[in-house]
Amino acid sequence: WGLLLLAAALRATAAARCPAPCVCDNLRAHVLCLNGSLTAIPDTIPERTRELDLRGNSFMVIPARAFLATPYLTHLDLQRCKVERLEEGAFRGLGRLVYLNLASNGIVLLYQESLDGLSSLQQLILEGNRIEEIQPGAFGHLGSLTVLDLRANALVYLPDMVFQGLQVLRWLRLSHNALHVLGTEAFAALPALRRLSLDHNELQALPGEALARLDGATWLDLGHNPITYVAEEALAMASLRHLFLDHASLQDVAPDAFAHSPQLRILDLRENQLQGLPPLAGVGGLVRVSLDGNPLLCSCLLRPFHKWLARARVQAEGACAAPPTLRGRSLDSLRSPEMRCSRLRSSPNPTALPEQPRAAGSRQCPQGCVCSPDFHHGSCENRNLQEIPRGFPEDTRLLDLRRNPFRTVPADAFPGLKGLVSLHLQRCSIRVLQPGALRGLESLVYLYLTDNHLSSLAAAAFEGAPQLAYLDLEHNAFTRVPAGTFRLLPNLISLHLQHNAIGELAEGDLAGARGLRWLYLAGNAIRHIAPAALAPTKMLEKLQLEGNHLTEVPTAALWGLPALSELKLSRNPIKHIGDSAFLPVASSLQHLYLDNMGLEWISPHAFTGLGPKIRSLYLESNKMSNIPDMSNFTGLEILNLQDVPFHCDCQLLPLRRWINKLNLRVGATCGSPAEAKGLKVKLSTTFQTCPGWGQGKPGETNPNKTKAASKSSKKKRSGKSPAKGFSKSRA
């Protein structure tokens, strides 16, 4: 009876505190403040409220510690509240919250600390905001999250490790954004992910490398993306069972496109531009393939696929669009003798696929090639062609000429292809692009020349291709950047020169590349970068120099790059970093990679100018025993100090105290003295003999003390409790 009376008294007290615009259900511990005029979070909500519904108010900003008065909340709904900003620590204190809905607001950016304190959160709904950027580490505190909904935002790019910390996430929803670039490690930190929604974006190619990190994912939706072609071995997802590529722009699928996804059961290819499919290799478990809404040509070209369906016992959904005698017939009702090719001419090339029949008014597809004139795709891949064929339909948008021994691309090699957007010339043994080779390709945006034998390029080779934005020259034979080549490419955004033999960057090498944003030079032999070498690239955002032969930070060359946000110097033999090494880019730099260099010493002033803008710093696998003061790096989201042999004596105490305050997994361990070797810096007892140890500094308690001793020590410190950073840290 006493407990019942106490409960009744608590309910009465709570009812008395219910804010005037709200309705409080004390029995269910549920408070509703719907569609009102609230501009601030009410501070008189009953303390033991579990569900709080604030939809339809006008908060604009959720300030720090806005919900400290309601620590028992498990469900919080903030839909349509005109929220534009989440201040750092906005939800701190809500350690019991499992559901948070922030849909249909105006949030633009997610910072690292915006979601701090939500250690029990399981569902986070951010649908229908204006999020353009997610800073890596923004979800680092959400270790219990299972569903993350980011649909209908304004995301264009996902950087590497953007979802770090979401160790138990099972469903990631990224539909209805504008994604067209995914970092290769974008999904690397999602070991439990089972379902990924990427439909209704702007992906032009299947992002196979990024998706390969998702070993456990079983469901992938890539529908409603402008993907035109699924290449060989494009998708390697070991557990994938359901794949949706419907309502895309698919014109062709390679026979072994899904060979490394052996668990695939359902393949949805509805509403594309496919005239047929080849027999699919490596998908022995496939149960159903959906082809409804494709212009299927049920001629002899489709016989191999039709026979494979029967042999593999795969159910196919779809109907013939041609020839007229079979129009409307379902695939499963066809018999092989009905699928004829009466008007197709044979090809003398024994490796060539049968040619498609010509559409009325279109030009003949070159011999040995396959064209879809109505759907803008041509392919002569791996046909042992000695010369670049001519005569493709004028409306061809994508031309795939990979793996042919052309050796030379002559002048005017692609006549009549004014609408060509993407040109694939990988692995063609090309040594020379003659002047005028690309003349007339006025719409060309993507040019792939990887794995050839190019050692030089003349600027005149790019005459007539002014829209070129992505140029991939990886794995060629360049010993220097082809100087002057870029004067005719005013729209060049991304330049790939990885894995060549470039020895230096000289002044003038990048002349004309004034719009360049991403420069990839990893895996070369660069020893020197001239002070003015990068001067023309004033819009440069990303500079990747890992795996070269640099022996010092190229500080002088970094002046005049006001937009540089990422600098990779990993795997260069840089042993020392001097004063103000990164000062030229201090105002813009966000991601700095200094790992695996054998680095032995960093000047105390090496990071002068760097501060809150730094989001990630990689220093792992080096040899220094101490690092400079980084206490002003308040925006850090990723800090990697693994495999660094720190000397855990009193000189390292400031670093130990700083690490102790970070809620990051940094991996710092002691390399010496002998009694501390192998211990985490945070747990080493060698600091306890240092002057000033234990005088109110956070976390400076003896980890070997018993709980009883710990309680006793709290009393001796005049009631001051130790800071929670040490006991909760994951570093």
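The model is predicted. Its protein chain holds six helices and 45 strands, and 51% of the 731 residues count as buried.

**Overall make-up**

- The protein chain exposes about 31500 Å², and 51% of that area is supplied by carbon and sulfur atoms.
- When contacts between residues at least 6 apart in sequence are considered, 52% of them join residues at least 24 apart.

**The unit formed by β44, α4 and β45**

- Strand β44, helix α4 and strand β45 make a β-α-β unit that is right-handed.
- Strand β44 spans residues 645-647 and strand β45 spans residues 669-672; the two run parallel and are joined by three bridges.
- Helix α4, covering residues 653-661, is mostly covered, with seven of its nine residues buried.
- The buried residues of α4 are L653, L655, R656, R657, W658, I659 and N660.

**Nonpolar cores**

- In soluble globular proteins, nonpolar side chains tend to be buried together.
- In this model, the largest nonpolar core has 107 residues, and F414, L423, L471, I577 and F582 are those with the most contacts inside it.
- Helix α4 supplies the largest share of this core, namely four residues.
- A separate core of 102 residues lies apart from the largest one; C33, I45, V253 and L331 are among its members.
- F582, one of the residues with the most contacts inside the largest core, is in contact with V553, L567, L569, I577, L592, L594, A606, F607 and L610, leaving aside neighbours within four places in sequence.

**The setting of S261**

- S261 is placed in the loop between β19 (252-253) and β20 (266-268).
- The relative accessible area of S261 is 0%, so this residue counts as buried, the cut-off being under 20%.
- Not counting residues up to four places away in sequence, S261 touches L235, A236, M237, G282 and V283.
- With M237 there is also a polar approach: a polar atom of the S261 side chain lies 3.2 Å from the backbone nitrogen of M237.

How values were computed
Residues numbered from 1 in each chain as written. Predicted model: local features only at pLDDT ≥ 70, side-chain atom pairs only at ≥ 80, totals over all residues. Heavy atoms only, no water. Buried < 20%, exposed > 50% of the residue type's maximum accessible area, 1.4 Å probe, protein only. Contact = heavy atoms within 4.5 Å. Areas by Shrake-Rupley, 256 points an atom, 1.4 Å probe, with all protein chains shown as cover. Pairing = 2+ DSSP bridges. Right-handed = clockwise from strand over helix to strand, strands pointing away. Core = buried A, V, L, I, M, F, W, Y, C linked by side-chain atoms within 4.5 Å. Polar contact = N/O pair within 3.5 Å; in protein donor to acceptor, adjacent residues only side chain to side chain.
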